[in-house]
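Me: I would like to learn how to read a few features of a protein model. Could you take me through them one at a time?

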Amino acid sequence: MTGAKIGVVTFPGTQDDVDVRRAVRRAGGEAVALWHADSDLRGVDAVVLPGGFSYGDYLRCGAISKFAPVMTEIVSAAANGLPVLGVCNGFQILCEAALLPGALTRNAGLHYVCRDQWIQPVNTETIWTGRYEQGANLLVPVKHAEGRYTAPDAVLDELEREQRIVFRYVDGNPNGSARDIAGISDPTGRIVGLMPHPEHAIDPLTGPTDDGLGMFLSALDALVAA
């Protein structure tokens, strides 16, 4: 499946959709622009929900986006195996839509954080992380005010037990997330959400590294093999 089609959704307030589409193309995929009001996913093989401030973060980050027509289609397609990646605001939307457990709350200290951050892949068996070595050090940007992952202890224990913690922060936890969690997956490994921005680390010329490109290459690998 050379040139697999990956849809990138734009909600009102999304700001990283262009960067994600660039990352998809850099990985060798075909980036398909999807709009929040779309009721057709246009035959895409996977979907990315990018970062930004969907609907102005009114009410609660991602809480309004989950009602967008395109999310009805994505939730239904995800139940039938469609791979979905949520980055930053996209991660918040996945949690609000109950595609992933837990919630993202205000950062510890209530400060907006914008910096390059070391993270480590914990689970390299998901569709989005197959290119990484477990425990490798990856440097990618974070930029958020509400990235503190939280969930009941029973849910955190379940995530640990089922190896659904995909990334952990290392060399500092930028937001106070429980158990240094930077990203998690659903039980199938097809749906992944993370707060750091892999789309901003695909070329050392414009980002700190190209460490983020591996997420998009991983998805293309999995889609080609499917």
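Reply: We will go through cysteines, the sheet and salt bridges in turn. Keep in mind that this is a predicted model.

Me: Start with cysteines. How many disulfides does a search of the whole structure find?

Reply: The general idea first. A disulfide is a covalent bond between the sulfur atoms of two cysteines. Here the search of the whole structure finds zero.

Me: Are Cys-95 and Cys-114 buried or exposed?

Reply: Cys-95 is buried, at 11% relative accessible area. Cys-114 is exposed, at 58%.

Me: Now the sheet. In what order do the strands lie?

Reply: Strands of a sheet pair through backbone hydrogen bonds, either parallel or antiparallel. This open sheet has nine strands, ordered 2-1-3-4-11-10-9-6-7, with mixed pairing. At its edges are strand 2 (30-35) and strand 7 (138-144), each pairing on one side only. Neighbouring strands are turned by 25 degrees against each other on average, direction ignored.

Me: How do strand 4 and strand 11 run, parallel or antiparallel?

Reply: Parallel, with four bridges joining residues 84-87 of strand 4 to residues 191-194 of strand 11.

Me: Which strands does helix 1 touch?

Reply: Helix 1 (residues 17-27) packs on the sheet and touches strand 1 (5-10), strand 2 and strand 3 (46-49). Its direction makes about 175 degrees with that of strand 1.

Me: Last, salt bridges. How many does the structure hold?

Reply: Side chains of opposite charge can pair when their charged atoms come close. This structure holds ten salt bridges. Take Asp-19 and Arg-22, at 3.6 Å, N to O. They sit three residues apart in helix 1, which means a separation of about one helical turn. Asp-19 counts as buried at 19%, while Arg-22 is partly exposed at 37%.

Me: What does the pair Arg-131 and Asp-221 tie together?

Reply: Their closest N and O atoms are 2.6 Å apart. Arg-131 lies in the loop between strand 6 (113-121) and strand 7, and Asp-221 in helix 5 (residues 213-225), so the pair ties together parts 90 residues apart in sequence.

Conventions
Residues are numbered from 1 along each chain as its sequence is written. This is a predicted model: local features need pLDDT of at least 70, side-chain atom pairs count only at pLDDT 80 or more; totals for chains, interfaces and linings use all residues. Side-chain values use heavy atoms; hydrogens and water are left out. A disulfide is a pair of cysteine sulfur atoms within 2.5 Å. Buried means under 20% relative accessible area, exposed over 50%, partly exposed in between (1.4 Å probe, protein chains only). Two strands pair if DSSP finds at least two bridges between them. Helices (H or I, at least four residues) and strands (E, at least two) are DSSP runs, numbered from the N terminus. Axes are lines fitted to C-alpha atoms, for helices over the stretch in contact, and angles run from 0 to 180 degrees between N-to-C directions. Contact means heavy atoms within 4.5 Å. A salt bridge is a side-chain nitrogen of Lys or Arg within 4 Å of a carboxyl oxygen of Asp or Glu.
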